[in-house]
Amino acid sequence: MICDTCKTCEVNAVDDKGNRYIVDAGYCNDGTGYIEINLYDADRNWLEVCR
């Protein structure tokens, strides 16, 4: 969790080569505008984070 008032969303994605991913995005609902996006492969192995 990135803050006390965090909201999250998770979506499944497929790239043009057929690889499957999970995109987990979170943001603070406290006016700071902070976001965090985590990228996982289809087996839920963490690949990358963007903040």
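Two strands are said to pair if DSSP finds at least two bridges between them, and a strand is a DSSP run (E) of at least two residues, numbered from the N terminus. Four strands form an open sheet in the order β1-β2-β3-β4, with antiparallel pairing. The edge strands are β1 and β4, each of which pairs on one side only. Neighbouring strands of the sheet are turned by 15° against each other on average, direction ignored; the axes behind this angle are lines fitted to C-alpha atoms, and angles run from 0 to 180 degrees between N-to-C directions.

**Basis of the model**

- Residues are numbered from 1 along each chain as its sequence is written, and side-chain values use heavy atoms, with hydrogens and water left out.
- As the model is predicted, local features need pLDDT of at least 70 and side-chain atom pairs count only at pLDDT 80 or more, while totals for chains, interfaces and linings use all residues.

**Pairing of the strands**

- Strands of a sheet pair through backbone hydrogen bonds, either parallel or antiparallel.
- Strand β1 (residues 6-14) pairs with β2 in the antiparallel sense over nine bridges, and A13 stands opposite Y21 in β2.
- In β4, E48 is the bridge partner of L39, and V49 is the bridge partner of N38.

**Hairpins and turns**

- β1 and β2 form a hairpin with five residues between them, and G18 in this turn has a positive phi of about 90°.
- The hairpin of β2 and β3 has six residues between the strands, and G31 in its turn has a positive phi of about 90°.
- Between β3 and β4, which also form a hairpin, there are four residues, and R44 in the turn has a positive phi of about 65°.

**I37 and the surface**

- I37 is found in strand β3.
- I37 counts as partly exposed because its relative accessibility is 33%, where buried means under 20% relative accessible area, exposed over 50%, and partly exposed in between (1.4 Å probe, protein chains only).
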